[in-house]
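Reader: Could we go through this structure together, starting with the ligands and then moving on to the backbone?

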Amino acid sequence: MTSSAYKLIPGSFTPVPSIVPERVVDFDAVSSFSSDLDAVGVTVGSDGDVDASIGLGRDALSRAGFDGKAGQTLLVPTGSAPLLYAIGTGDASGLDADALRDAAAAFARAASSSARVGLRLTDVGSVPAERVGQVAAEGVLLARYRFSELKREPKVTELTAVELLADGVDASGVTAGIPGGVVSARGANVARDLANTPPGHLTATDFGDLALSLAERFGIEVEVFDKQQLIELGTGGLLGVNAGSAEEPRMIKLRYTPNGEPTGHLAMVGKGIMYDSGGISLKPSDPMHLLMKMDMGGAAAIFGAFTSLRDLGCTTSVTAFLMCTDNMPSGSAYKLGDVLTARNGTTIEVKNTDAEGRLAMCDGLALAAEEKPDAIVDIATLTGAALMALGPIRAALFGNDQAFVDQATAAATATDERVWQLPLEKKYRKALDSDIADIANLGGPFAGATTAALFLNEFVDGVPWAHLDIAGTMNSETDDSWRSKGATGFGARLLTDLALGFRPVR
Ligand code: BES
Ligand code: MN
Ligand code: ZN
């Protein structure tokens, strides 16, 4: 790591505490719980029988304020260890993989001071055994996530063992699903670590060094481009954004190659703005803007996904470009009215230096298109408009090819990283017209997420493309189901699933 002078724990800080050192939780599917667990959770629906192991009937539970709604938990008083929790799963008809993931998350959070836990799923609906193991593991690990690296006395109990018991389900099937859940949750937690890390602790240079140091461990190739190499590549957008910074930019190129003949080639491009001050178009001074340390959430999600590809046996080749720099005002910063020339030759008039994401991304998209992949997916904390339109639960999805957009939607559904498709309305393209350059980086007052997507569309050279605007979903204000307060890692699991299921569309 390079040393930023103000790192709080000089030398000892690692931006990915979730994997360095590897925190291994002993997961197992069982047919009866071990006797030494600290806490046991038992699911209870909002109707039907209450399992006898709870020791209380529905009336007693309901008097205690627990009626089995999804997300509810109740510590049931018993005379002896382990702690016993009732975990609400809601209506039986809604009992799907998402509900099981959420129930596992609610339990893991309720039992947050227990290290050895057991979860009994009394009903799994029609969710297949393997999928039960996968989503339960995900829910537990995502909910127990904490970023406590910078606290002197972290108040967290590390999870050491998780036993899963699903009534009427073959334990060996559940066992088979667990590693997939563990790996995908690990990828999401890597993305969270990166996005939660303060900007002074994770510069573009640090991110590049980190990627290089983890390459071998996760079976990926990493190539890091420094400022001089970026000048030679002609990435004028990324370099323009970087101009005001004391820190060098980095473009991190990742490559995953499967063992056998690849079943396809997917490219990914991530926004890696390590901190977005707005630049000369400075954001107002508001504590809320500490969230702009997460403006590299797209790049973080891709990197998280890459830590999962080999371990999940992805058969598609994946190439990624992470476009990393901070966006700072200074005497050398790019200015309003400046014209930048992108990698593909497009000239761009800068009308607002805070619309920097699309400038960093456009060179990555052009480079991705040059690889002639079967499809490109990009992910970026791109517009406040996406946050305004869809809030913190759903990301905006755009694209130029419905079949590929549908694959992205299917991956979003499978992972409960929800999206909503918005139209790539070409009528709005003229909002980006410039008097002196090919395009401007600022659209009009309306449809801000769409004009940003239309800008990106100019750089994909007609390759099937999907664009995820995660400005709303990058952060959670509260602990909520699988989301833990802070960076959500949104996109890491979605992109992993997309790569695993990818089929070329043309
Ligand atoms: N990084 C921001 C978008 C953002 C906003 C992410 C809120 C997460 C939460 C982006 O670079 C930005 O500043 N966008 C501007 C664009 C505008 C100037 C066209 C915005 O959305 O206001
Ligand atoms: Mn900005
Ligand atoms: Zn930004």
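**Ligands, metals and backbone**

Author: In this predicted model, 17 residues surround ligand 1, and the closest are D276, D295, D354, E356 and G384.

Reader: Which polar atoms lie 2.9 Å from an oxygen atom of ligand 1?

Author: A polar side-chain atom of K283 lies 2.9 Å from an oxygen atom of ligand 1, and an N or O atom in the side chain of E356 is also 2.9 Å from an oxygen atom of this ligand. From the backbone, an N or O atom of G384 lies 2.6 Å from an oxygen atom of ligand 1. Taken alone, ligand 1 exposes 510 Å², of which the protein buries 80%.

Reader: And what coordinates the manganese ion (ligand 2)?

Author: The manganese ion (ligand 2) is coordinated at 2.1 to 2.2 Å by D276 (OD), by D354 through both O and OD, and by E356 (OE). The angles among its six donor atoms run from 71 to 168°, and the site is irregular.

Reader: Where do D276 and D354 sit?

Author: D276 lies in strand 9 (residues 265-276), while D354 is in the loop between strand 12 (347-349) and helix 9 (357-370), so the pair ties together parts that are 78 residues apart in sequence.

Reader: Are those two buried or partly exposed?

Author: D276 counts as buried, because its relative accessibility is 3%, whereas D354 is partly exposed, with a relative accessible area of 23%.

Reader: How far apart are the manganese ion (ligand 2) and the zinc ion (ligand 3), and which residue coordinates both?

Author: The manganese ion (ligand 2) and the zinc ion (ligand 3) are 3.2 Å apart, and the residue that coordinates both is D276.

Reader: Switching to the backbone, which peptide bond is cis?

Author: The peptide bond from A81 to P82 is cis, with omega near -5°, and P82 lies in the loop between strand 3 (73-76) and strand 4 (83-90).

Reader: What about phi of D416 and of A447?

Author: Phi of D416 is near 60°, a positive value in a residue other than glycine, and A447, which is not a glycine either, has a positive phi of about 50°. Most residues other than glycine have a negative phi. D416 is found in the loop between helix 11 (402-415) and strand 15 (419-421), and A447 in the loop between strand 16 (439-440) and helix 12 (448-457). D416 counts as buried, at 2% relative accessibility, whereas A447 is partly exposed at 34%.

Reader: Last one: how many residues of helix 13 are buried?

Author: Seven of the ten residues in helix 13 (residues 492-501) are buried, among them R493, L494 and L498.

Terms used. Residues are numbered from 1 along each chain as its sequence is written. Chains are lettered from A and ligands numbered from 1 in the order in which they are written. This is a predicted model: local features need pLDDT of at least 70, side-chain atom pairs count only at pLDDT 80 or more; totals for chains, interfaces and linings use all residues. Side-chain values use heavy atoms; hydrogens and water are left out. Donors are N, O and S atoms within 2.8 Å of the metal (3.2 Å for Na, K and Ca); water is not among the atoms, so sites may look incomplete. Four donors count as tetrahedral if all angles lie between 85 and 135 degrees; four count as square planar and six as octahedral if opposite donors are over 155 degrees apart and all others between 65 and 115; anything else is irregular. Helices (H or I, at least four residues) and strands (E, at least two) are DSSP runs, numbered from the N terminus. Buried means under 20% relative accessible area, exposed over 50%, partly exposed in between (1.4 Å probe, protein chains only). A residue is near a molecule or strand if one of its heavy atoms lies within 4 Å of it. A polar contact is a pair of N or O atoms within 3.5 Å; within protein, one must be able to donate a hydrogen and the other to accept it, and residues adjacent in sequence count only if both atoms are side-chain atoms. Accessible areas come from the Shrake-Rupley method with a 1.4 Å probe; for residues, only the protein chains shown count as cover.
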